[in-house]
Amino acid sequence: MENNTVEQKYNKWIVLLSIAIPVVVAVLFKVKLKDFGFDVVPLTFLPPIYAAINGITAILLVSAVIAIKSGNRKRHELLMKMAIGCSVAFLAMYVAYHMTAESVKYGGDGILKYVYFFILITHIFLSVVIIPLVLITYVRALAHKFDKHKKIAKITFPIWLYVAVTGVIVYLMISPYYV
């Protein structure tokens, strides 16, 4: 398959997923399984797990950059696939938690409240922005368009790293308020 065809083949998926994932997450965030008659136990054990997965994602991303800068393309590819897998696992757990449990409100005040909400809002906004960036970056690597891959990866990497790290920070800041 020609390289341009690979990109064209995935462009529809990139657009679809970039729109569908945030919309579905927003809708499912409000949907509670109990509202549909399901007798589910709140999955309150998930937040520390998906926060840890965010931390692992950050480590994988940094390790992947180190691997490619060292010339180890195979290791880079494996680490990036693992980072994508972690992000998908995070997303599944995040949605499962919010479909079974009530959201926890931040209980702090003063300057920390403003810091928390700044981090939370930028984290949420950039978590939406990162979806098409990751997908485009990945597809360009699949298409062996490494010059274009490298160019967008320089944008994708710091944003994805920010989202992963701030996911951990948001959890740590709100964790005292979990019941």
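Helices are DSSP runs of at least four residues, numbered from the N terminus. The legends below describe a predicted model.

**Figure 1. The protein chain as a whole is built from helices and contains zero strands.** The predicted model has five helices, and its pattern along the sequence reads α-α-α-α-α. Along the principal axes, the C-alpha trace spans about 50 × 35 × 25 Å. The protein chain has 179 residues, of which 35% count as buried. Considering contacts between residues at least 6 apart in sequence, 79% join residues at least 24 apart.

**Figure 2. His149 lies in helix α5 and has a side chain placed beside the backbone of Thr137.** Helix α5 covers residues 146-174. A polar atom of the His149 side chain is 2.7 Å from the backbone oxygen of Thr137. With residues up to four places away in sequence set aside, His149 touches His76, Thr137, Arg140 and Ala141. The relative accessible area of His149 is 15%, so this residue is buried.

**Figure 3. Helices α4 and α5 pack against each other with their axes 7 Å apart.** The angle between the two helices is about 150°. Helix α4 is therefore roughly antiparallel to α5, because angles over 145 degrees are placed in that class. The crossing of this pair is left-handed.

**Figure 4. The loop between α4 and α5 contains His144.** Although His144 is not a glycine, its phi is positive, at about 60°. The relative accessible area of His144 is 52%, and this residue is therefore exposed.

**Figure 5. Ile159, a residue of helix α5, touches Leu126, Ile130 and Leu133.** This list of contacts leaves out residues up to four places away in sequence. Ile159 and Val129 are separated by 30 residues in sequence, while their C-alpha atoms are 8.5 Å apart in space. Ile159 has a relative accessibility of 18% and so counts as buried, because the limit for a buried residue is under 20%.

**Figure 6. The largest nonpolar core of the model holds 23 residues.** The residues with the most contacts inside this core are Tyr50, Ile130 and Trp160. Helices α2 (46-69), α3 (73-100), α4 (111-142) and α5 each supply at least two of the core residues.

**Figure 7. Tyr50 is one of the residues with the most contacts inside the largest nonpolar core.** The residues that Tyr50 touches are Phe90, Met93, Tyr94, Tyr97, His98 and Tyr178, not counting those up to four places away in sequence.

**Figure 8. Thr100, in helix α3, has a side chain that reaches the backbone nitrogen of Leu43.** The distance for this pair is 3.0 Å. Apart from residues up to four places away in sequence, Thr100 touches Leu33, Val40, Val41, Pro42 and Leu43. The relative accessible area of Thr100 is 11%, so Thr100 is buried.

Key: Residues are numbered from 1 along each chain as its sequence is written. This is a predicted model: local features need pLDDT of at least 70, side-chain atom pairs count only at pLDDT 80 or more; totals for chains, interfaces and linings use all residues. Side-chain values use heavy atoms; hydrogens and water are left out. Buried means under 20% relative accessible area, exposed over 50%, partly exposed in between (1.4 Å probe, protein chains only). A polar contact is a pair of N or O atoms within 3.5 Å; within protein, one must be able to donate a hydrogen and the other to accept it, and residues adjacent in sequence count only if both atoms are side-chain atoms. Contact means heavy atoms within 4.5 Å. A nonpolar core is a set of buried Ala, Val, Leu, Ile, Met, Phe, Trp, Tyr and Cys residues joined through side-chain atoms within 4.5 Å. Axes are lines fitted to C-alpha atoms, for helices over the stretch in contact, and angles run from 0 to 180 degrees between N-to-C directions. Angles under 35 degrees count as roughly parallel, over 145 as roughly antiparallel, 65 to 115 as roughly perpendicular and the rest as oblique. A crossing is left-handed if the near helix is turned anticlockwise from the far one by less than a right angle, and right-handed if clockwise.
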